[in-house]
Amino acid sequence: ISSESLPALFTLGMNIITIAIAIGCGLLILNIVLERFNKKRTAFLCLLLSIISLAGAFSAFFYATSFLTKVGIGSFIGSGSVNANLIGEGMSQKVPSTWGPNLGFYLCLISIVIIGSILIIKIFRFFQNKIKKRNILKHM
């Protein structure tokens with residue numbers, strides 16, 4: 001499929017998803033830099049916005065691609081025969097095929113899970129430290 005045959009809205013959506021992933025990665029790098037300078041609140045905000053950006057981009061990609069493949073081949077993941085047009089011959093032929101997400105899709109999903117786990121651990125530690133401080137002040 002060439003980019004000329006895709007609807008303009010889908011192409012725009014894929015460009016926005018790419019930008020959202022780049023922003024998410026940039027925020028993640030900024031999180032690491034800010035943690036080194038002991039800017040914990042700003043670093044936490046960058047981490048939170050990073051996971052929101054990546055998860056939103058992942059969800060939008062899955063939804064848009066599922067919609068496009070439902071119209072084109074029937075499903076996001078699958079196998080079967082697909083009609084392929086033979087260029088210059090003016091005819092089509094059924095070709096056995098399999099399709100579905102590839103490495104980048106799964107790497108993005110794994111990174112969202114890892115970043116989400118880090119975020120949950122940071123939230124847990126924040127509340128754990130708050131409870132410890134409260135208990136210390138109680139016993140004084």
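Just after helix H1 (residues 8-36), Asn38 takes a positive phi of about 60 degrees. Helices here are DSSP runs of H or I with at least four residues, strands are runs of E with at least two, and both are numbered from the N terminus. The model is a predicted one: local features need pLDDT of at least 70, side-chain atom pairs count only at pLDDT 80 or more, and totals for chains, interfaces and linings use all residues. Residues are numbered from 1 along each chain as its sequence is written, and side-chain values use heavy atoms, with hydrogens and water left out.

The predictor's confidence in each residue is given as pLDDT, from 0 to 100. For the chain the mean is 88, and 95% of the residues reach 70 or more. Confidence is highest in H1, at a mean of 93, and lowest in S1, at 82. Where pLDDT is low, the predicted coordinates should not be read in detail.

The chain holds 3 helices and 2 strands, in the order α-α-β-β-α along the sequence. With a radius of gyration of 23 Å, well over the 14 Å that the globule rule gives for 140 residues, the chain is more spread out than a compact globule. That radius is taken over C-alpha atoms, and the rule is 2.2 Å times the number of residues to the power 0.38. Along the principal axes, the C-alpha atoms fill a box of roughly 85 × 25 × 20 Å.

Two of the helices compare with their expected spans as follows; the expected span is 1.5 Å times one less than the number of residues.

| Helix | Length | End-to-end C-alpha distance | Expected span |
|---|---|---|---|
| H1 | 29 residues | 43 Å | 42 Å |

Buried residues (under 20% relative accessible area; exposed is over 50%, partly exposed in between; 1.4 Å probe, protein chains only) make up 21% of the 140 residues. In H1 they are Phe10, Met14, Ile17, Ala20, Gly24, Leu27, Asn31 and Leu34, and these pack against H2.

Thr65 lies in H2 (residues 40-72). With a relative accessible area of 12%, Thr65 is buried. Not counting residues up to four places away in sequence, Thr65 touches Phe10, Met14 and Phe76; a contact means heavy atoms within 4.5 Å. Phe10 and Met14 are themselves among the buried residues of H1.

The strands S1 (residues 78-86) and S2 (residues 91-99) run antiparallel and are joined by 9 bridges; two strands pair if DSSP finds at least two bridges between them. The strands form a hairpin with 4 residues between them, and Gly88 in the turn has a positive phi of about 85 degrees.

Lys94 is in S2 and counts as exposed, at 61% relative accessibility. Lys94 touches Ser81, Val82 and Asn83, again leaving out residues up to four places away in sequence. Lys94 and Ser81 are 13 residues apart in sequence, and their C-alpha atoms are 5.6 Å apart in space.

For the chain, 48% of the contacts between residues at least 6 apart in sequence join residues at least 24 apart. The chain exposes about 10,700 Å², of which carbon and sulfur atoms supply 69%; these areas come from the Shrake-Rupley method with a 1.4 Å probe, and for residues only the protein chains shown count as cover.
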